[in-house]
Amino acid sequence: MSSSISFTHNKYYSWCRNNLFSSWINGIITILSIYFIYEVSSFFLNWTIFEADFVNNFRGEKITDRTFCSKNIEPGQHGACWAIIIVRFHQFIYGFYPVEEAWRVNLVYGLLPFALVGIFFDNLPFRKYFLYFTFLFPFIGYFLLYGGAGLDVVGTSKWGGLLVTLFLGVTGILLAFPLSIILALGRRSKMPVIKTICIIFIEFIRGVPLITLLFTANVMLPLFLPEGVRPDNLLRALVAVTLFQSAYMAEAIRGGLQAIPKGQLEAAQSLGLTYWQSTRKIILPQALKISIPPIVNTCIGLFKDTSLVLIIGLFDLLGVGRAAVADIDWAKLHYEVYVFISLVFFIFCFGMSRYSLYLEKKLKTDNS
Amino acid sequence: MSNSFLRKLIFDEKIRSLVVQTLIIGIFALIIYLITQQTAYNLEKRGIGTGFGFLNMSAGYDISIRLIPYTSESTHFRAYLVGLINTLMISICGCFLATILGFLVGIIRLSSNWLFRNIAYVYVEFTRNVPVLLQIILYYTILLYLPKIKQALVLFDTFYITNRGIYSPSPIFKDGFSIVAWSFVIAIIFTIFLKKYFKKKQEQTGKQYPIFYVNSALIIFTPIIFYYIMDMPLDFDHPILKGFNFKGGMVVRPEFMGMLLGLSIYTAAFISETVRSGIMAVSKGQREASQALGLKNNLVLRLIVIPQALRVIIPPLTSQYLNLTKNSSLGIAIGYADLVHGFGGISLNQTGKAIEIMSMVMITYLTISLTISLFMNIYNKAVQFKGNA
C-alpha cells in the first residue's frame, strides 16, 4: 500500500500514466508504437550504420566500384554502401568544378552565413554593415565562382551539386526580394494600370507549375533575345526561379501590408510624409517584420523546388545524384544516393522551418 | 503656362498618376513590340512557322498510359487530350488519397498518446522537408525493385504485383449492368431527399431517426438486389501470364503508382498540419459546453468540432490541392505521360513550336487552377458562418 503511494508520486511514473497509458486503448497503441519504432529504427540503423560499408568492405578491401560493396558480394547480408558518396563527394558539393579551384567555392560557402545573418537576426550588433555585405554578396560570390580579373574563368556548365542548389536558392531569393516588394506594393496601388499588371503577373505565375516556367525560360528566352545575347542554362533557370519566387514572396509581403492598421499611413501622411517616405520609413519596416515567417516558408519551398532544374538538364544536387546512379561502375546504389540527398535537403529545410517557428514565437511575445 | 503645367504634373495627384500610368503602358507596349519583332525574326531565321496547324498532324510517338484510344498515328491534339486526362487523373486520385492520409495524420498529431503523436510528427517533418521530386523518384525506384513478372507476388489469387505494374482483373459489363448502376444513382438521390425529410420531422417532433443506418442500408443494398434481379451482369477478365507478359485484365503502371505515392505522401504532410491547426482553432469551451450538454464523444466531434474546424481548414486545403495539381507536372522525371511530358516535351521537340505549345500548356494549368479555386470558394462559402457578412 505504502509502496504504491510512493510510486505514484514519482513524476516519471505519472508522466507515463498520463501520456502513454491513460486508458486501455492508449496502452495498446503505446505498445504497438514501441514495436513499430523498434522495427523501423533497428532496420534503418543497421542499414545506414551497423551493417554498412564506408571506405572498406567487410573483407577490409578498399571499395573502388560497386563490385566491392559487401552487399553485392553477399546479397542480403549487408547494409548500405556509402563508398559511392565518399568517392563522389567532390561532385556532390562542387559539381565539375576544378579540384584546384575548389577553395573559391569553399570561400563562398564560408561567406554565405555572414551574408544571411543580417537578414535573419534583427538584434545583431553592427547589423547595418552586415546588410551592406548582403547586398554586395551576390556580386562578390559571382566574381569568386565565375572568375575573371586574375582568377581563372570557370564556366557555369562546370558548376554542379550543392553549389548549383545553393546558388539558385540564395540568388533567387535575394533577387526576388526587391521585386516582390514592388509587386506587393503595386498590387495595393491606387493606379488601376499598375494594380492590374501586378495582379496578372502574380496570379499567372502562381497558377502554373514551376517546370513550365523553366521550360519557357529554357526554350523561349533565346527566341526573345537578339542573336548575340545567349544567356547560359544556369542563368535561364535563375530567371525562371526568380520570377517564380517573387510572385510567392509578394503574396507573403501583401499579407504583412494588410496587417498594418490604416492609421499608420494616415498618421504618416498627416505629418507631411510623401507616399514613398511613409512607405519606406513607416509601413515597410513594420510589414516586413511580420511577414518574415511566411517569407521564410516560401524560401523553404523554393529551396526544395530548385531540384526541378534537373529536368532541364542542369546538375543540381539531385541531378548529380541521378548521374551517380546511372554510372555503370556504381549502378543500383539508388537508396544510398537518395537518402544522402534527402538528408542534405532535410538539414537546410528543417533548419529554416525551425527559424521561422522561432520568429513566430518571438513576434507573439513582442505584440503582447 | 508651362510652369503651371509642370506644377500640376508634380503636385496634382490625379494628373501625376495619369502620366505615370500612361508612361508604364508605353514602356510595356514598347517591350512587347520589341520582343515580338525579335521573336518573329528569330523564328523566320530558323525556318519555324507559327500557327496551330501542327495540332492536326500525326504525333508519331506512343503513350503507354492512356484512358482514351491513342496510337502513334494520332494527332498532336489527341496527344494533348491524353496528357490532359492523365494530369487530371493523377491530380484527382492524389488529392483524394492526400486528403484521407492528411486528415488521419492530423488527428493522430492531436492524440493524447505521446509516442503515437510523435511518430506522426516525425513523418510530417521528414516528408515536408524533402523535395517532392526526390520522393517521387525514390518511390518509383522502390516500385522498380518489385519482383519481375515471372516471380510476381500474388495477392488473393487475383492481384499480381510486379515491377511492371500491379495487374488486376478488369470488369466486363454485360447487358443490364446499366440498370444496376442507375439503381445506385437513384438510391443516392433518394437518400438525400430522405435525409431532408427526416431532418424536418426531427425539427417538428424532436424525435430522432436513425438516418445514417437507413441511408447506408439503402445505398448498399439497392444495387446488390438489382444485381441479382438482373442475373449478375458482371464478369471479370483475369490477367493470365502468357510468354513474357500478362494478357487481359487491368494494370496500374509503376509510373502512376510512383506519382500517386509521392504526391499524396508529400501533400498529406501539409494537409495534416492544416487539419491540426484547424481543430486546435476550435476553442476548448465549445467542446466542454457540448460535453456538458451530454453529447457523446463522437457526436461532439461530428456536430461541434469538425464543422467549425472546416471553416479554418478549407482555404489552406485549397492551396494544397492547387500545389498537388501543379506538382503533378513532375511526372516527366519518371516518365509518367502527363501534359508536360508528352505534349509539352515530346511534341515540342518534334515540332519546335515552343510558343504555341508552352502557352497551351500554361493556359491549361491556369484553367485547372482557377477551376479548383472556384469550386473550393463555393464550398467555402457554404460552410462559413451564415449571415456573418
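Helices here are DSSP runs of H or I of at least four residues, strands are runs of E of at least two, and both are numbered from the N terminus. Keep that in mind for later.

What you see is a predicted model: local features need pLDDT of at least 70, side-chain atom pairs count only at pLDDT 80 or more, and totals for chains, interfaces and linings use all residues. Residues are numbered from 1 along each chain as its sequence is written, and chains are lettered from A in the order in which they are written.

Chain A, briefly. Its domain assignment gives domain 1 (1–42) and domain 2 (100–367). Such bounds come from an automatic or database assignment. The C-alpha centres of these two domains of chain A are 46 Å apart.

Now chain B. It has 12 helices and eight strands. Its radius of gyration is 28 Å, well over the 21 Å from the globule rule for 389 residues, so chain B is more spread out than a compact globule. That radius is taken over C-alpha atoms, and the rule is 2.2 Å times the number of residues to the power 0.38. Along the principal axes, the C-alpha atoms of chain B fill a box of roughly 85 × 65 × 45 Å.

One helix to look at: α8 of chain B, residues 254–281. Its 28 residues reach 40 Å from first C-alpha to last, close to the 40 Å expected at 1.5 Å a residue. The expected span is 1.5 Å times one less than the number of residues. Where does α8(B) bend? At B:A268, by about 25°. That is the angle between axes fitted to the seven residues ending there and the seven starting there.
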